[in-house]
Amino acid sequence: MAGSDLFTGTLEILVLKALSWGPRHGYAVGRWIRESTGDALVIQEGALYPALHRLERKGHLAEEWGQTETGREAKFYSLTAAGRKQLAAESRRWTAFASAVTQALALSRA
Amino acid sequence: MKRVFRFSEGRDGAARDVRSEIRFHLEMRAEEFVAQGMTPEEARRAAADAFGDVEAIESEVRSLRSGNERRRRLRDGLRGFGTDVAFALRTLRKNPGFTLSAVAILTLGLGATTSVFTVVNGVLLRPLPYERPESLAMVWLQGSAAEGLAGNLPLSSGFYLDLKAQARCLEGIAGFRSWSYSVAGDGPAEKVEGARVTPSLFGVLGVRPYLGQTFTEAEAAPGGPRVALISWSYWRRRFGGAPSVVGQRVMLSGEPFTIVGVMPKGFAFPRGAELPPGLNFAARTDLWTPFVFSAADTRDHGTLNMAAVARLAPGVTAAAAEAELTAQLHRWSEENGSRQRLDYRLVSLQEQAGGPVRRSLLILMGAVGLVLLIACANVTNLLLARTAARQRELAVRAALGAGRGRIARQLATENIVLALLGTGLGLAFSVGAVRAMLSLVPRSLPRVDDVSVDGRVIALALGAAVVLGLLFGIATAYQVRWTQLAASLHDAAGRATGGLRRRLGRRFLVVLEISLSLVLLIGAAELTMSFLRLQRVEPGFSAERALVADVQMPLANGFDPARDGPRWRAFFAQLLDRLNAAPGIVAAGGVSSMPLTGVEEGSGVRIVGRPAPTTSSGLRTQYFVTAGRYFEAMGIRLAAGRVFDGRDRSDGAPVVIVNREFVRRYLPGASPLGLQIVGNFEFFFSNPPPARTIVGVVDDVRQAARDASPVPQVYVPEDQMPYPSQTLVLRTEGAASIALRPLQTEVKALDPVASVSNVRSLEELLASSLARQRFSATMLGLFAAAAMLLSMVGLYGVIALHVGQRRREIGVRMALGARAGDVLRLVLDEGMRITAVGLVVGVAGALATGQVLRSLVYGSTAGDPAVFAASALGIGLVSLAATYLPARRAARVDPTVSLRAD
């Protein structure tokens, strides 16, 4: 993924996760990712938008224009049922992957 | 989050959408930086830096988006359509009364239309099952009417061979004639319908055998090997479909033949119903043997007994070929000093097959189209009434934000679903109906084998469904009072039905229905009258209690009466003597060509002592060879003299019996008994032909058809002119069927290879001679009945609705002193006005279309005022009944109830 040092597909999991609490606009999704990862994952913020639209194309997200609390117009994204299922599956896969790698690294150190 | 409504974007919209989304992001991010203490300018730059290449990302998203957009629109469209259909089905289920009647009416209308179209398609439209059938044509000779040679005549072998050798406008030509064989088996000998064909036939038609080979020219040479081809169905029936049949030897009419091939499934050329009946072809041909030309045949231009089919050379039209061949023929006639004026006539095979029934089929198609039109008018009326009743529901949906287009689409979907339901059921209905129709015309309909529901039929039915659905949709959408949708919310549901324009529209539809019904009824009545008249025509014989069967002696080694005559004569004499002595049989006889079977044999005759006629072929007459007590068995009345008896043996004085028409036309004023005639029909082994003394005069017999006018006929005894096949007539004391067993026993006892076929009662034969007329009359009668039923339902519906709407008004009138009789009259008046207009329009329509029917009507009563009056009166009375029911209900309105109705 251009401008990102994330593992492939990671950004999409994070986007899905960011939306799991309800509809958010793109900026909010980006801010959630920055804050929840403690800015540890540096992504070029623009890379977020192709990811959002790709997820929409897959049917994982739905979009709708709406107003923010401050009265500004913004496009809101929300998880579809398929997106929710995808998030669950990806989270399981990621956890399994991460723990496997962690375990392997721990072994080689020993 | 509050929703914001945005118009769905096009291409530009998508770009704007992406840009504003990104701009929003950058602004929000900049605000964040400002909050951290940057100047707005710095914040903006920092936000852009953090974002990356704005242009590149924007274009990436845009391309992703345009794909998304297309997909989404398709998905929404499909989902919307699915919703519409589901909603339509739900609505239809919720109104079972409406749905059942609408679907039933559509099923009837579309089912009947599809059935008739299936037959029209099979008989007239489908290409014949041969290669490039459009370039195939039958080749006939045509003589002059003055010589009694009118109509299409078959060729002689000499003409055929000339054509084969010279005609450059033909790519190929093949000759054939009917020739049945009897095949002895375990039971009684079986007659197999066959044809002798030139080897070129299969090439001309472009048909290859399923197994083995077709004939070679060597096999058609005199003295060549005896070979035969069999049909697929005969192969399955007789040989159980064993491939080893090729090369097998079979006994045909007592002679050994080798089967060289099996033709493909469905191939049965020539099929009798497609060719002139006089050529005696069976409905389907099962066996083919090569046509062998003897040395004499090659020079024979006189015996016209060979049908021919040709394939036109590429780029040559039938008319051009006809002109070229006729010119050649005229040159030949001059060179050979022939006095006969003959022309060639080419008839495309498709035309030949379907031509005779085209007119009646197209009339039926038109009639069923009218039924469909009436059905549609009826359904439209139902829909209009229902849409009016649904005005409130539609108003609610409009109020909830459904646009006009959306509602119209919903209505169209409902109607298409309705029409599709009707079509589906109609198609199912037509499968049975087609079978029933075909059983009404078992023999006389050409191309019966080609009639089946095919892609074209299904396409037509589906097309009709969609067109009807759209039309219904338009009609109903047009009727929705868009501007008043809101107003009708306040209105009570039951009352939103009025509207002068719509009432007029509904009445117009009923007027249309009644007038079309009258057109159909008059047509059906005229055909039925014509049919009844035909049935009353005396055929010249009496049909009760008589069995008819074809008995054929095997023809081995060709038709040679000089050699085989004594054997034929002896066989039929013995057979008929035994049958005449059998218990239960009153009289038994036989004839060479049975009346009303389409077979006729004609010839020229000369009267001894009178000057020769000026035409080359002499006086024309039909001739018959009779055996046994034919006239008694057939019930043909003797007008003068005597019938044949024991005196008229082969060695007795040559005798003949003529009919009244013969005397009327050729011997006016003379006493015919004792006069002598000489016929060209005599076999030439007695040379010169004998002068036959007229010993009797009998009644005229309708030979070609019931509506044929009487023609001269002569009868000759079998003993003096032996003939290998006779149609026996066995007059019985009781039921005709009792004669069957003695017939079969005696035939088998006398000659195990002689075959008995085509057993039926004389009454059946008489009835089947009118099968086509009965078919047309029955079908048209059915259509007229359906049309009347439908239009009465329509009239009833309109009046009932009208009464329902006027309950209040009627209540008020009655409260003010109107009596039940006044109300009854009020409503009846309404119904009768509609009916009267319908009848006037209908009479005009019937007068306008009467010309079409005239050709099918026997006798001079097309346009009979009595038929018109009776039909109109009939519809008037039924209309009165249809109006009376709702009128009576109106008259019983309780004024207090109706005033409280709202």
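## Elements of chain A

Helices here are DSSP runs of H or I with at least four residues, and strands are runs of E with at least two, numbered from the N terminus. With that in hand, welcome to a predicted model in which chain A holds four helices and three strands. Reading from the N terminus, the order in chain A is α-β-α-α-β-β-α.

## How chain A packs

Chain A has 110 residues, and 31% of them count as buried. Take the contacts in chain A with a separation of 6 or more: 55% of these join residues 24 or more positions apart.

## Where chain A meets chain B

Let's turn to the partner chain. On the chain A side, 22 residues are in contact with 23 residues of chain B. Four elements of chain A each give two or more residues to this side: helix 2 (26–36), helix 3 (48–57), strand 2 (61–67) and strand 3 (73–79). Helix 3 gives the most, with six residues.

## A look at Trp65(A)

Is Trp65(A) buried, exposed or partly exposed? A buried residue needs 20 or more other C-beta atoms within 10 Å, and an exposed one has 12 or fewer. Trp65(A) has 17, so it is partly exposed.

Note on methods: Residues numbered from 1 in each chain as written. Chains lettered and ligands numbered in written order. Predicted model: local features only at pLDDT ≥ 70, side-chain atom pairs only at ≥ 80, totals over all residues. Contact = placed C-beta atoms within 7 Å.
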